[in-house]
Amino acid sequence: MSATVQAPATRPQIPVTVLTGYLGAGKTTLLNRLLTEEHGKRYAVIVNEFGEIGIDNELVVDADEEVFEMNNGCICCTVRGDLIRIIGNLLKRKGTFDAILIETTGLADPAPVAQTFFVDDEVRSVAKLDSIVTVVDAKNVVARLDDSHEAAEQIAFADIILLNKSDLVPAVELAALEARLRAINPTAIIHRTERCGIAPKEILNRRAFDLDRILAIEPDFLGEDAHEHDDAVTSVALRETRPIDANRFNQWIGALLREKGLSILRSKGILDLKGSPNRFIFQGVHMLMEGDDGKPWGRSEVRDSKLVFIGRDLDADELKAGFAACVA
Amino acid sequence: MSLAEPRVRVPPGIEAKFDAGITGAVFSDSGLLAAALGDGAVQFIGPNGNVEMVQAHDGAALCLALDLDGRSFLTGGDDGRLVRTAADGSVAELMRASGRQIDVLAVSRPAKARAVAVGREVRLLDADGELQAHASDHPSTVSGLAFNPKGKRLAVAHYGGVTLWWTAMLGRNADRLRWRGSHISVSWSPDGAHVMTAMQECELHGWRVADSSDLAMRGYPVKVRSMDWLSKPPTLVTSGADRVVAWPFSGSGPQGKPPIEFGQGIGRLVAQVAAHPSRRLIATGFDDGRVAICELTADRKSRAVLVRPGDGCRVSALAWSQNGALLAAGTDGGALSIFDLA
């Protein structure tokens, strides 16, 4: 390009928060709270049940949760085409948004929403998945986990879990419940709430915090606890203190997600790659994965690598051996 | 890729700058330009450069078409409204669907019909703005609408392909053209023989209407967001690459033949294309603001002249006046140029 040409104006990516949870868990309550409590912010809200939002917000858009399968050779790559269209239209508006909030229906599988932000180049260039927030009804979640697939998937996908209606459940039961949620998803932040009472800053624009969260995982916590319940969705956390070889890791994770991506719902990690001064941060949804350089390692910091897989039929020994073979 | 700045030859004309991005542009029969904007305004620019503004929508105006009378304009907005505006400042709301983005619209002057999509539903409005018919039998939100040249048929794009309706019997007998995936727009060839769609997967799909046989064109680096047709012989011109990619539909059709490519080395990615109403000229807008006029010659060669330099904003609208003497170009940064090429 010649020097006379201005570079295209690059807008920062708009953070996107996805709200999932069963009907009646409190999603709409949470949404209404977020919209009333954050004054002066401009949010676009994409909902499925238009009219339930109590706030008069000109930027509430009705979506039909239309999922389609990409013809990209990836068998589980389903995407929300309606989101691609709606977000493209929102961007035509004058001015930008502080955040986009997407509410999904009770039984929705969060994967297509998340995958939309991995797969579509146009959406990726303007918006970034910030976090998936799952609202669970503390009183009913056990029954839901026992009788449905979707409840466990919504827990598995969450970056943040609101254990709502916690006032209706005795403390002992709450602790047991949290342990069960942790077994499914060890990286999510769990907040106990009543009527979704929580500060918006705990929900919105959390990306940086989430990544620190991965680092904070205690790798041995899984222990026997994980198998106490017979939940179909479980997690495996791995840690390695020796530096990782980037090529070996790429080959291993690529093949792993290709072969097992149907049953691996989410993967996340922070890696100490040999030869890199920075943390390498990656996250995946089913077969799709993206990675990027994170913060540099501090001088006196102990470097290590941590990986978490959340999914069905995970073979912990195989994953451990595979990761160990990536050591530089 | 490094680009040498080709020499820009800016024709005489009008320059305007607005506060919001241009989302569409179209000329009236008499050469009045209407531009739809991201702040919900419709800006009218007359031949002398006089500008009149009409506030048509509360949010963004998402789509724009010349109305049946040839002098007023229809816009759909993300306020859920379909609005008719005219240069005299009159505004009439033809439809309202709260919470919906009205982003797909088609007008057929031969059929005296306007079609608009509301989610999965297509509504047909007559010349008086009355609801004539509607059809909801589509598998997903409608992403594209196109009348055939005579206006007798309406093509509706959605997941899984295209539904063809007879305009006079909308909602009754549908023909389905099926192809897996998300179809994001639809266009009818000027001879009415083919229906083409752009797809989420950066490719085109199409059907010969007579026998529903499939066509597919692949190899685009990005989604094809703009397509238009040269007629006689029908040639489909498309955005979606660093050059214009054109598919000749003469003879046995485009299958098995390489496309004609032109306009390379001018800008980064072609964002908009608009075919001249009578000559084999393609206005080509790039995602860096450059606009070139490319001439397609019979021997598959082409020449190009750059009429607008790059300014870093994407060309988001291109329109020729009906006599082909004026070309309008708008960007998502709110710049609007009208070039006088007569």
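Student: In which sense do strand β12 and strand β13 of chain B pair, parallel or antiparallel?
Tutor: Residues are numbered from 1 along each chain as its sequence is written, while chains are lettered from A and ligands numbered from 1 in the order in which they are written. Strands (E, at least two residues) and helices (H or I, at least four) are DSSP runs numbered from the N terminus, and two strands pair if DSSP finds at least two bridges between them. For β12 (residues 121-125) and β13 (residues 131-135) of chain B there are four bridges, and the sense is antiparallel.

Student: Which residue in the hairpin of β12(B) and β13(B) takes a positive phi?
Tutor: Within this pair, B:Leu125 has B:Leu131 as its bridge partner in β13(B). Five residues lie between the strands, and the one with a positive phi, near 85 degrees, is B:Gly129.

Student: How many residues of domain 2 of chain A are in contact with domain 1 of chain A?
Tutor: The bounds, 14-210 for domain 1 and 217-324 for domain 2, come from an automatic or database domain assignment. Two residues are in contact if their C-beta atoms, placed from the backbone, lie within 7 Å. On that criterion, 20 residues of domain 1 of chain A meet residues of domain 2 of chain A numbering 24.

Student: Which element gives the largest share of the side of domain 1 of chain A that touches domain 2 of chain A?
Tutor: The elements of chain A that give two or more residues to this side are α6 (149-157), α7 (171-184) and α3 (111-119). The largest share, five residues, comes from α3(A).

Student: How many residues of α6(A) are buried?
Tutor: A residue is buried if 20 or more other C-beta atoms lie within 10 Å of its own, exposed if 12 or fewer, and partly exposed in between, with C-beta atoms placed from the backbone. The buried residues of α6(A) include A:Glu153, A:Gln154 and A:Phe157. The helix is mostly covered, and of its nine residues the buried ones number seven.

Student: Is A:Leu174 buried or partly exposed?
Tutor: A:Leu174 is found in helix α7 of chain A, and beyond its neighbours within four places in sequence it is in contact with residues including A:Ala138 and A:Arg192. Because 17 other C-beta atoms lie within 10 Å, A:Leu174 is partly exposed.

Student: What is the average pLDDT of chain A?
Tutor: Over residues 1-9 of chain A, and likewise over residues 221-228 of chain A, the pLDDT is below 50. Where pLDDT is low, the predicted coordinates should not be read in detail. Across chain A, 85% of the residues score at least 70, and the average pLDDT is 85.

Definitions and conventions. Predicted model: local features only at pLDDT ≥ 70, side-chain atom pairs only at ≥ 80, totals over all residues. pLDDT = per-residue confidence, 0-100.
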